[in-house]
Amino acid sequence: MYNKQSLTINEQIDQLINRGLSISDPNSAFHFLSHISYYRLAGYWWPMQSEPKENHVFKAGSKFEDVISLYNFDRELRIIIFDAIEKIEISLRTKLIYHLSHEFGPWWFQKMEIFLNVPEAVKTLAVIEEELVRSKDIFIKSHKAKHKDDLRFPPSWKTLELTSFGALSKIYGNLKNDVKSKDTIAKEFGLVNHTFLPSWLQSLAQIRNYCAHHSRLWNKNLPGRPKLLPNPPFNWIDEVPEEKEMHMLYIHLCCVKYLLNIIQPLNNFKIQLADLLEKYPSVDPKH
C-alpha cells in the first residue's frame with residue numbers, strides 16, 4: 001500500500017539535498033517548487049539519478065539549476081512544436097473539408113458507408129456532436145437560428161472547424177482505402193498514398209496533446225510510431241533512426257518538418273530548434 005505523506009517545500013528541498021542534488025540558492029529553489037510541483041520536475045532530474053533509480057541517489061555534479069534549465073528548454077520546445085502542428089492541423093482540416101465535400105457532398109462525415117470501422121466513426125461523430133452543443137461560436141449559432149428546421153449537423157465546412165486534431169486524424173485514418181480523397185490528401189502532403197499518413201497524423205495528434213497539456217517532451221518515450229516511406233518524393237533525412245530509437249522525439253520532428261516544407265515552404269522550424277539547442281548548451285540532444 002502507498003504510504004508516503006506530503007512534504008512541505010522546505011522538506012522537499014532537504015530531501016533533494018540529502019539525495020545528492022546540489023542547491024546553491026535554497027530561496028530560488030523554494031520559489032520554483034512553489035510554482036512548479038516536485039513531481040513535475042522529477043521527470044527532468046530522473047536521468048541525473050544513479051541506478052537503481054529506486055534509491056533516488058543523484059550522480060555527482062547534479063545541480064538544481066540544470067533541472068530548471070531542462071524544464072525551461074522543454075517548455076520552449078513545446079511552444080515551437082505546438083506552433084508547427086497548428087499549421088499541419090489547419091491544413092489537414094482544409095483538405096478534408098474540400099476534397100471530401102466535392103467527392104461525397106457537404107455531409108460526407110455522416111455517411112457511414114465511406115468508413116472502415118463504423119462503430120469508431122459513430123464514436124467520433126458523437127464527440128463532434130458534443131463540440132457542436134457546447135459551441136458558442138457565432139457562425140454555429142447563426143446557422144442553427146437560420147436553419148432551425150434542418151436537423152442535420154451544419155455542413156462540414158462549419159462543423160469540422162470545431163473538430164480537434166485528434167478527431168480529424170481519426171476521421172482520415174478511418175476512411176475506406178478506395179475513397180479517392182484519402183489518396184489525394186496523402187499525395188498533397190508528399191506521402192504518395194494513404195498507407196503512411198494515418199500513422200503520422202496519430203503521432204502528431206499525441207504530441208499536440210502533450211504540448212496542450214504542458215507535459216514533458218524532452219526524453220519522452222512516445223507511444224506513436226510514424227510509418228516511414230522508403231523513398232519520400234521530397235527532401236528527407238539522410239540518416240534515418242533505427243527502430244529502437246523511434247520512440248524518441250527526433251523522428252517525429254522530422255515528420256513535422258517534412259509536412260511543414262509543403263504547407264509553409266519558407267518555414268524556420270529547423271532554425272528554431274537549432275537556436276534552442278544553442279541557447280541551452282547543457283541539454284543533451286540524445287534525449
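## The largest pocket

Lining the largest pocket of this predicted model are 28 residues, and those nearest its centre are Tyr250, Leu253, Cys254, Leu273 and Leu277. Two or more lining residues come from each of helix H4 (64–104), helix H11 (249–263) and helix H12 (269–279). H11 is the top contributor, giving seven residues. The space inside comes to about 780 Å³.

By class, this lining has 19 nonpolar, four polar and five charged residues.

## The second largest pocket

Next comes a pocket of about 560 Å³. Its lining has 16 residues, with Tyr2, Lys4, Gln15, Tyr38 and Tyr39 nearest the centre. Helix H1 (9–18) and helix H3 (38–45) each provide at least two of the lining residues, and H3 gives the most, with five.

Here the classes are seven nonpolar, seven polar and two charged residues.

## How to read the terms

A pocket is an open set of points on a 1 Å grid over the protein atoms alone, where a 1.4 Å probe fits and protein lies on both sides within 12 Å along at least five of seven lines; a lining residue has an atom within 4 Å of a point. Points are joined across faces, edges and corners, and the volume is the space filled by probe spheres set on them. Helices are DSSP runs (H or I, at least four residues), numbered from the N terminus. Ala, Val, Leu, Ile, Met, Phe, Trp, Tyr, Cys and Pro count as nonpolar, Asp, Glu, Lys and Arg as charged, and the others, including Gly, as polar.

## About the model

Residue numbers start from 1 along each chain as its sequence is written, and side-chain values use heavy atoms, leaving out hydrogens and water. The model is predicted, so local features need pLDDT of at least 70 and side-chain atom pairs count only at pLDDT 80 or more, while totals for chains, interfaces and linings use all residues.
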